[in-house]
Amino acid sequence: MSAVDITASVFVLTGVALSVLAAIGLHRFGDVFARMHSATKPATLGLVMVIIGAGMRADDPETAVKLALVAIIQFITAPIGAHMVGRAAYQAGVELSDETAVDELADGVIGDGGQGLAEQRRRRHSS
Amino acid sequence: MALSVIALWVALWGDLTWANIASGVAVSLAVLVVSPTGTSGVRIRPLGALRFGLVFLLKLVESTFVVAWEVVTPKNRIREAIVAVPLGDLPDVVVTAAANAVSLTPGTLTLEVVRDPTVMYVHVLHLDSVEGAREAVYAMVDLACGAFGCPVPVRVDTRLAEESP
């Protein structure tokens, strides 16, 4: 085993460990919104570390380019996915966990921009 | 813009063939028709973009450990909140970049963005203070502004927000 092999293995294993933590977080957190935190941050960094590890052992530049693209696309899509799931959950009236202290979206404290979403949520709740 | 989408498409297939280029043209046109991008008049500033990228990567590592720690500690001290962050009239690309970056930085997750006026609603995992959370988002938007250039100030009057309990 060369030094490169060992470093690559460390990256891949760390990435896998982070992904496992993200999965445990999905199970443990109290509501959809907290779960989305777990689904974005450790999961993204975990994948990126696996990609770095795999990139070190890539045989040709073409593979390395593809791996880099996977990382970039993950950076773009993971937050959008979490944003959409969170938005849909809020709109559908999913309960916020007991630890939620402030909900300025429901309070409509700034302008009336968020009122469409908050209104839909209230309608779901009352029906 | 169409060229960069075609280049991405061909790179993903991995072969520079006429069939890939032709299908890339078709896909990029379809994508750009379905979702027009507001990149007109926006210039990337290399230094600002580099700074945005580096801070973003550091924050991603930090936030990963914050969330990971939250996962492994049995007694959690989570205090969640949804905080409204009013923004100036910023270009789409800045709002998009900032919204994505906010979702990958410690304890914050973009839930909703509305325009006219632009307000970003952010879910916070560990709320210390509403102002503190808002300031963290502003800091990220500032960095995105450094990368793409902003015509107007990022921060807007939050008196309305401060009146609420």
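1. Chain A has 5 helices and 1 strand. Helices here are DSSP runs of H or I with at least four residues, strands are runs of E with at least two, and both are numbered from the N terminus. Along the sequence, the order in chain A is α-α-α-β-α-α.

2. A word on the basis. This is a predicted model, in which local features need pLDDT of at least 70, side-chain atom pairs count only at pLDDT 80 or more, and totals for chains, interfaces and linings use all residues. Residues are numbered from 1 along each chain as its sequence is written, chains are lettered from A and ligands numbered from 1 in the order in which they are written, and side-chain values use heavy atoms, with hydrogens and water left out.

3. Packing of chain A. Of its 127 residues, 40% count as buried. Buried means under 20% relative accessible area, exposed means over 50%, and partly exposed lies in between (1.4 Å probe, protein chains only). Take the contacts in chain A with a separation of 6 or more: residues 24 or more positions apart account for 67% of them. Contact means heavy atoms within 4.5 Å.

4. The interface. Chain A contributes 45 residues to the contact and chain B contributes 50 residues. Together they bury about 4,100 Å², with 70% of it on carbon and sulfur atoms. Buried area is the accessible area (1.4 Å probe) that two parts lose on being put together, summed over both.

5. Polar links across the interface. Between chain A and chain B there are 6 residue pairs in polar contact, both residues at pLDDT 80 or more. A polar contact is a pair of N or O atoms within 3.5 Å; within protein, one must be able to donate a hydrogen and the other to accept it, and residues adjacent in sequence count only if both atoms are side-chain atoms.

6. Who supplies the chain A side? At least two residues each come from α1 (3-28), α2 (32-56), α3 (61-91), β1 (100-103) and α4 (104-107) of chain A. The largest share, 13 residues, comes from α3(A). By type, the side of chain A that touches chain B splits into 24 nonpolar, 12 polar and 9 charged residues. Nonpolar covers Ala, Val, Leu, Ile, Met, Phe, Trp, Tyr, Cys and Pro; charged covers Asp, Glu, Lys and Arg; the others, Gly among them, are polar.

7. Strand pairing also joins the chains. β1(A) pairs with strand β1 (residues 80-86) of chain B in the parallel sense, over 3 bridges. Two strands pair if DSSP finds at least two bridges between them. V102(A) stands opposite A81(B) in β1(B).

8. Salt bridges. The count over all chains is 2. The rule asks for a side-chain nitrogen of Lys or Arg within 4 Å of a carboxyl oxygen of Asp or Glu. D5(A) pairs with R57(A), with the closest N and O atoms 2.8 Å apart. This pair links distant parts of the chain: D5(A) is in helix α1 of chain A and R57(A) is in the loop between α2 and α3 of chain A, 52 residues apart. D5(A) is buried at 18% relative accessibility. R57(A) is partly exposed at 47%.

9. The interface has 1 salt bridge. It joins the side chains of E112(B) and R87(A) (2.6 Å, N to O). The pair runs from strand β2 (residues 108-114) of chain B to helix α3 of chain A. E112(B) is buried, with a relative accessible area of 6%, while R87(A) is partly exposed at 28%.

10. H83(A) is also worth a look. This residue sits in helix α3 of chain A and is buried at 13% relative accessibility. Beyond its neighbours within four places in sequence, H83(A) contacts T110(B), L111(B), E112(B) and V113(B).

11. β2(B) itself is mostly covered, with 6 of its 7 residues buried. β2(B) pairs with strand β3 (residues 119-124) of chain B in the antiparallel sense, over 6 bridges. L109(B) has H123(B) in β3(B) as its bridge partner. The hairpin has 4 residues between the strands, and D116(B) takes a positive phi near 60 degrees.

12. Last, T105(B). It lies in the loop between α4 (92-103) and β2 of chain B and is buried at 5% relative accessibility. Its side chain reaches the backbone oxygen of A101(B) at 3.1 Å. Not counting residues up to four places away in sequence, T105(B) touches K41(A), K59(B), S63(B) and M140(B).
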